[in-house]
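Please read it with the sequence and the structure side by side.

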Amino acid sequence: MNVTNADPAELQKFSELAHRWWDPTSEFKPLHEINPLRLDWIDSCAALSGKKVLDVGCGGGILSESMAARGAHVTGLDLSEKALGVAKLHLFESGQKVDYQLSSAEAYAAEHAATFDVVTCMEMLEHVPDPASTITACARMVKPGGDVFFSTLNRNLKAYLFAIVGAEYVLKLLPRGTHEYAKFIKPSELARHCRNAGLSTLELIGMSYNPLTKIYSLGTDTDVNYLIHARRPA
């Protein structure tokens, strides 16, 4: 297992933008806009209050903080020192409590097996060299009977047109170069990685963006963005 499962170029890219993480009008605007959707969905599936939660690839802490606000005891994991620095600073503003740690999922899993009730890994798998390794690490860290949540991008022509051409070049929702099409992951591939890691997939749900209303929604369309809820058997 690769304990340094990270692309230096990807880390550099997000580190350079780290100071803008909490600006809802910045390059991270889409994360701010989808966060209530994914938070409500995770909470409805796993009842976050009182749970011990690990957020893998937490970045500046948007999801981590919001889960803490729902009563979860949250640890945020990332390999970008700058992003974690921003995340820690924002705690002074928000008053939330999150334990931020500089580590890869693989390295953290070596010392924290079966530790968490819930593990989340959102919008990260398409940015690492070996997503299966990250998924296996997440599966190791969740307790038996615990819940694991992933979100990523499908790999097909529609996803290329919407997530790269549309989002990065036409609508300019994201900076150019945010995503690399070859790293997109089909739901069948992600489900297979989950099975290989000992996880059972419970739900697959899509996330769509309407460019006319500028509103994100969850539904049955998994062609572009999608989320998976998995569980480690008790």
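How many disulfides does the structure hold? The structure holds zero disulfides, a disulfide being a pair of cysteine sulfur atoms within 2.5 Å. This is a predicted model, in which local features need pLDDT of at least 70 and side-chain atom pairs count only at pLDDT 80 or more, while totals for chains, interfaces and linings use all residues. Residues are numbered from 1 along each chain as its sequence is written, and side-chain values use heavy atoms, with hydrogens and water left out.

- Cys45 is in no disulfide, and the nearest cysteine sulfur, that of Cys194, is 14 Å away.
- With a relative accessible area of 22%, Cys45 is partly exposed, a class that lies between buried (under 20% relative accessible area) and exposed (over 50%), computed with a 1.4 Å probe on protein chains only.
- For Cys194 the closest cysteine sulfur is in Cys138, at 9.1 Å, which is too far for a bond; Cys194 itself counts as buried, at 0% relative accessibility.

- The largest cavity holds about 30 Å³ of space, the volume being the space filled by probe spheres set on the points, which are joined across faces, edges and corners.
- Its lining (residues with an atom within 4 Å of a point) consists of Glu123, Ser151, Thr152, Met207, Asn225, Tyr226 and Leu227.
- Strands E5 (142–153) and E8 (225–231) each supply at least two residues of that lining, and E8 gives the largest share, three residues; strands are DSSP runs of at least two residues, numbered from the N terminus.

**Aromatic contacts**

- The count comes to five aromatic pairs, where rings of Phe, Tyr and Trp (its six-membered ring) pair if their centres lie within 6.5 Å, and planes under 30 degrees apart count as stacked, over 60 as edge-to-face and the rest as tilted.
- Trp21 and Phe28 form a stacked pair, 4.1 Å centre to centre with 20 degrees between the planes, and both Trp21 and Phe28 are buried.
- Tyr209 and Tyr216 form a tilted pair, at 4.5 Å centre to centre and 45 degrees between the planes; Tyr209 is partly exposed at 21% relative accessibility, whereas Tyr216 is buried at 15%.
- Tyr160, Tyr181 and Phe184 are linked into a cluster by ring pairs.

Key:
1 Å grid on protein atoms, 1.4 Å probe; cavity = no way out; pocket = protein on both sides within 12 Å on 5 of 7 lines; lining within 4 Å. Helix = DSSP H or I, 4+ residues; strand = E, 2+ residues; numbered from the N terminus.
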